[in-house]
Amino acid sequence: MPTRRLLTRVLTALIVVSALACGSSSKAKEGSSNNTGSVMTDEALTTTKGNAASTTTGPRGVPAGKVTYGWHLTIPPVWLDPQEAQNVITPYAIIYALHDSMIKHFPGQQLQPSLAESYKLADDYKSATFTIRAAAKFQNGDPVTSEDVKFTYENYRGTQAKLFKDRTERIETPDARTITFYFKEPFLDFLLMYGTPATGIGWIVPKKYYQQVGPDGYKQKPIGAGPYKLVRNTSFTELEFEAMPDYWRKSPHVKTVVFKVMTDDATRFAALQTGEVDFINVIPGALLDAAKKNSQITLAQVSTAPWWLELVGWDKPNSPFHDVRVRQAVSLALNRKEINDAETGGFSRIDEGNWIPQNLDGALQKQDINPDWYAFDLPRAKKLMAEAGYPNGFEVQQLTPLAPYWPLAERVITQLAEIGIKTKLNKMERATMVDLMTKGVDALPGLTLYASGLNGDAAARIRAFGICGGASSRTCVPEADAKFAQYEKSTDPAERTRLIKEVQKIYSDLYAFPYVYSIGLTMAQGPRIANDWHEIWFAVPQYPYIYPWEDVRLKG
């Protein structure tokens, strides 16, 4: 059963438990006079077919061995604290190892109990009740309790924090293992926002310890409830994690996991070839041929999130991008095939046309896409620039790409220069850029080149980047905002689907977020790893890194 159908059912009267890979489903009912609904439990959610992960407890053993992960970015302290989650998927590579959430995606299964052993959403979508599993505990030995869950929720200050605070009426914790969230109005998207990396609010931190050390102290020495605890932090250039043999789901196979920062592509690739590291992220196009020729290396390749340009301030009358002909010219000037061939060896998709990935629920599909949104037509682009009054183009202060995709940004800059739009590359650390995008137009002017792998659905992406006042939004389209407000109030699935697609078409017809391409990522693992790469890479939608960590195995 595809993800789209599953998540649609989540937003209707019943939550259907489905093993996505094989299409089977089961469900259990539980009701009361004022909080009826469907309950999802461990027993109902177990799937064993194929590589689907089980959410029930698994085998116990003694973790052994060590793996090293050549990490392609600098690691800022904020990535260790889900309380300050940003609008980016990257930190979850660490969060999935160190922390755990009440519900989350597993391979082949969506929105499954994790720290919770079951949860129930009321039929009127105005409350959600979770029962915490008895075996759930933090890495200091303390049990995960309803007070920890409540503290995490009430003190969360990361992306979409305002959304949850505005919609929550009260929280009740009748005992140490039960918590109920009550909402002011039907909150149909609660599970998607709570149970996926669309936000970090469902990733539980220990109340007592967090209050004891404070946010800054927590980032230095975090304690989570995940399968691996942090035991060494070398100035955030190396993070060493040790397995928790009593992690609720199963004992991790590997005892030690090291994240080693290696930002240079060639250095990272060489370390994989020599066996210094066992995993690496992002093999660029220039190194792909060498990687493919090395029989000791296993490549993991998946086409993932779309890249888009943001023409910051385009909706302001004094911006040269205010004229839709200029924005369309920008899109027409992008030679996506040339970019694809150079950056990913032709592996990326260049014809999706939309800045929201097609595998997110509610996203525009191929039949919805206007080919003009991804067409390359340089003569037409120059003609539109002249018609808009810019035959010789204009200058833009800077183009800031998501790190470390500097070569991609340079290609975009070169192609924009063909229609007279001149700008320069502005290199910035990823965490800094993501933070500045939450602070308004003036904090990061010019152009941005961005991609987001955040889970959730199309609406979650629009809340973050599209609507006026969104967590990382720096544009306002009144027509889109009005339709999105209708979407938020509607409880009719068909109407919601229609409205969310109409919102996306408004943005795309306006070229508010010109589509670049849907990048094909190439990751790699070395010969000591026993897993088939599909088991641990790209195992859940829109998540490009290794997961579940407790499933990683060494040969021998």
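Here are legends for close-up views of this predicted model.

View 1. Helix H15 spans residues 458-465 and helix H16 spans residues 478-489; their axes come within 12 Å and cross at roughly 130°. The crossing of H15 and H16 is left-handed. On the H15 side, look for Ala459, Ile462 and Arg463, which meet Phe484, Tyr487 and Glu488 of H16. Sorted by class, this contact has four nonpolar and two charged residues, with no polar ones.

**View 2. Nine strands form an open sheet with mixed pairing.** Follow the order E12-E13-E14-E5-E15-E21-E16-E20-E18. At the edges stand E12 (228-234) and E18 (399-401), each with a single partner strand, so one side of each has no neighbour in the sheet. Within the sheet, E5 (residues 66-71) and E14 (residues 256-261) run parallel and are joined by six bridges. Here Tyr69 stands opposite Phe259 in E14.

**View 3. Two prolines follow cis peptide bonds.** Ala403 and Pro404 are joined with omega at about 5°, and Pro404 lies in the loop between E18 and helix H13 (406-417). For the bond from Tyr547 to Pro548, omega is near 0°; Pro548 lies in the segment after helix H18 (533-536).

**View 4. Tyr125 and Phe538 have positive phi without being glycines.** Tyr125, with phi of about 60°, is in the loop between strands E8 (116-122) and E9 (127-132). Its relative accessibility is 7%, so Tyr125 counts as buried. Phe538 has phi of about 55° and is found in the segment after H18. Phe538 is buried too, with a relative accessible area of 14%.

Definitions and conventions
Residues are numbered from 1 along each chain as its sequence is written. This is a predicted model: local features need pLDDT of at least 70, side-chain atom pairs count only at pLDDT 80 or more; totals for chains, interfaces and linings use all residues. Side-chain values use heavy atoms; hydrogens and water are left out. Axes are lines fitted to C-alpha atoms, for helices over the stretch in contact, and angles run from 0 to 180 degrees between N-to-C directions. Helices (H or I, at least four residues) and strands (E, at least two) are DSSP runs, numbered from the N terminus. A crossing is left-handed if the near helix is turned anticlockwise from the far one by less than a right angle, and right-handed if clockwise. Contact means heavy atoms within 4.5 Å. Ala, Val, Leu, Ile, Met, Phe, Trp, Tyr, Cys and Pro count as nonpolar, Asp, Glu, Lys and Arg as charged, and the others, Gly among them, as polar. Two strands pair if DSSP finds at least two bridges between them. Buried means under 20% relative accessible area, exposed over 50%, partly exposed in between (1.4 Å probe, protein chains only).
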